[in-house]
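Please look at the sequence and the structure shown here, and then work through the questions below.

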Amino acid sequence: MYTTRVEIPYAEPVWLVAEWPDGTWCDLHELREMTHMSDDYQIVRVLTHDEGFTPIKTQRWSPNCK
């Protein structure tokens, strides 16, 4: 059975997460606890998420982004 996820735009100013190439992610305040993961993560801004607040669409982030 195929189900689609509801995409909800993130309305707060900025939600930044660490995201790995395999799709694993965590909030930045949890990054120190992810010692079992490699160092090849990127910091991304969450643009949309599902009802469980799992990021769907993200955008690379840098301190110069607004």
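Q: Is Phe-53 buried, partly exposed or exposed in this predicted model?
A: The relative accessibility of Phe-53 comes to 46%. Buried would need a value under 20% and exposed a value over 50%, so Phe-53, at 46%, counts as partly exposed.

Q: Which strands form the hairpin in which Phe-53 takes a positive phi?
A: Phe-53 has a positive phi near 65° in a hairpin that has five residues between its strands.

Q: How are the rings of Tyr-10 and Trp-15 arranged: stacked, tilted or edge-to-face?
A: A pair of aromatic rings is described by the distance of the centres and the angle of the planes. For Tyr-10 and Trp-15 the centres are 5.2 Å apart and the planes stand at 40°. Stacked planes would be under 30 degrees apart and edge-to-face planes over 60, so the pair of Tyr-10 and Trp-15 is tilted.

Q: Is Trp-15 buried or exposed?
A: Trp-15 has a relative accessibility of 12%. Because the cut-off for buried is under 20%, Trp-15 counts as buried.

Q: How many residues apart are Trp-15 and Phe-53, which form an aromatic pair?
A: The pair of Trp-15 and Phe-53 is edge-to-face, with 6.4 Å centre to centre and 65° between the planes. Trp-15 lies in the loop between β1 and β2, whereas Phe-53 lies in the loop between β4 and β5, and the pair thus links distant parts of the chain, 38 residues apart.

Note on methods. Residues numbered from 1 in each chain as written. Predicted model: local features only at pLDDT ≥ 70, side-chain atom pairs only at ≥ 80, totals over all residues. Heavy atoms only, no water. Phe/Tyr/Trp six-rings, centres within 6.5 Å; stacked < 30°, edge-to-face > 60°. Buried < 20%, exposed > 50% of the residue type's maximum accessible area, 1.4 Å probe, protein only. Helix = DSSP H or I, 4+ residues; strand = E, 2+ residues; numbered from the N terminus. Pairing = 2+ DSSP bridges.
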